[in-house]
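Subject: Structure handover

Hello,

Please find the structure below, followed by notes on what was found in it.

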Amino acid sequence: MLALTELGQRLRQERESKGLSLEDLQKLTKIQKRYLLGIEEGNYEVMPGKFYVRAFIKQYCEAIGLDTDAIFEEYKSDIPSTQTEDMPQQLSRVRSRKEIPQHTKGVSKAYDYLPTVLVVAGVVVVGIIIWVIAQNIVSDKNKEQANQEAPKSEVQQSNTQEETNETTAKNDNSKSEDEQSAADKKEQEKEKAEKEKAAKEKAEKEKAEKEKAEKEKKDSGKQEYKEVQKTGRSATYALSGTDAFNLEVTSTQADTWLDVKNGKGNAFFSSILKKGETKEFDLTKETEARVNIGYSPGVELKVNGKAVDLPFDSSKQVRQVVTIQYQPAEAQ
């Protein structure tokens, strides 16, 4: 293992102080673990290119809450300057006329005859069209003459057949309209049933939310949440005057490490809390809960639906540990 640089030592200490492993940092930055280890050891040779060194260090600093500009200025001797890597010279896709293979000359010569070929083809097409029109005219005249010579009985028979066809068409249309009407009625009934179901579900949901809100309001009126002690990055609070202990943790700005345990050390959650994600914990049966927040900026806490402040300024104390001691109202 390589000796750590001053920058590498600083980054590792800050990472460990926030309770983050290299695996956790890999999830936060999307940078492979071996590159993160290379940054801490000052082994920049493992990077895919010198261009990536500064970019990876910048992402590392942002993930653990360090000022990137200040770090780059303070440890500029440990960080290589950006260098433009040579790019392979692109081969020109444009070839001169002299470079065109000899076997293509025959093709070029064929293009010289293309206008003549197109003119001949156009004349042939026009001739075919004229011939087809003439044939249609002759055919129409023959049909007209045949109709004039046909006996009246055939004309009457034709009229009768047309009337029959019209009657059949009307009956088919009437049947189709009846079927369409039945289908429309069925669809309307289905839509009505779905609307009634949706309205019922909405009413039940609103009722449940109203009951929950009333309960939380009732509990919050008696609930007391007060600070017991504060030291270093840890603080202890006492929760009383309520028969419920529900905890909500939300991260609004960035991913953060979250660890929630009871007083016996049993973990309810120990993983990355994604940006915009909320975790809820029912701790009513517990007497104590310990909440370890790796990156506190943008983290919001709620106790029984009521927002509570973090014990420390998150811009000064990134990692914070909050212990809540719970005493149910019925036990008081």
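Which residues are buried in H1? They are Leu 7, Gly 8, Leu 11, Arg 12 and Arg 15, where buried means under 20% relative accessible area and exposed over 50%, with partly exposed in between (1.4 Å probe, protein chains only). Helices are DSSP runs of H or I with at least four residues, numbered from the N terminus.

This is a predicted model, in which local features need pLDDT of at least 70 and side-chain atom pairs count only at pLDDT 80 or more, while totals for chains, interfaces and linings use all residues. Residues are numbered from 1 along each chain as its sequence is written, and side-chain values use heavy atoms, leaving out hydrogens and water.

Seen down the axis of H1, the buried residues fall within an arc of 125°, so they line one face of the helix; the arc is taken from the directions from the helix axis to the C-beta atoms. On the face turned away from that buried side, H1 carries the exposed residues Glu 6 and Gln 13. The buried residues of H1 pack against helix H2 (22–29), H3, helix H4 (50–63) and helix H5 (68–74).

Helix H1 (residues 6–17) packs with helix H3 (residues 33–41) at an angle of about 125°, their axes being 6 Å apart. Axes are lines fitted to C-alpha atoms, for helices over the stretch in contact, and angles run from 0 to 180 degrees between N-to-C directions. From H1, Gly 8, Gln 9, Leu 11, Arg 12 and Arg 15 make the contact (heavy atoms within 4.5 Å), and from H3, Leu 37, Ile 39 and Glu 40 do.

Just after H1, Gly 19 has a positive phi of about 75°.

Regards

Technical notes:
Helices (H or I, at least four residues) and strands (E, at least two) are DSSP runs, numbered from the N terminus.
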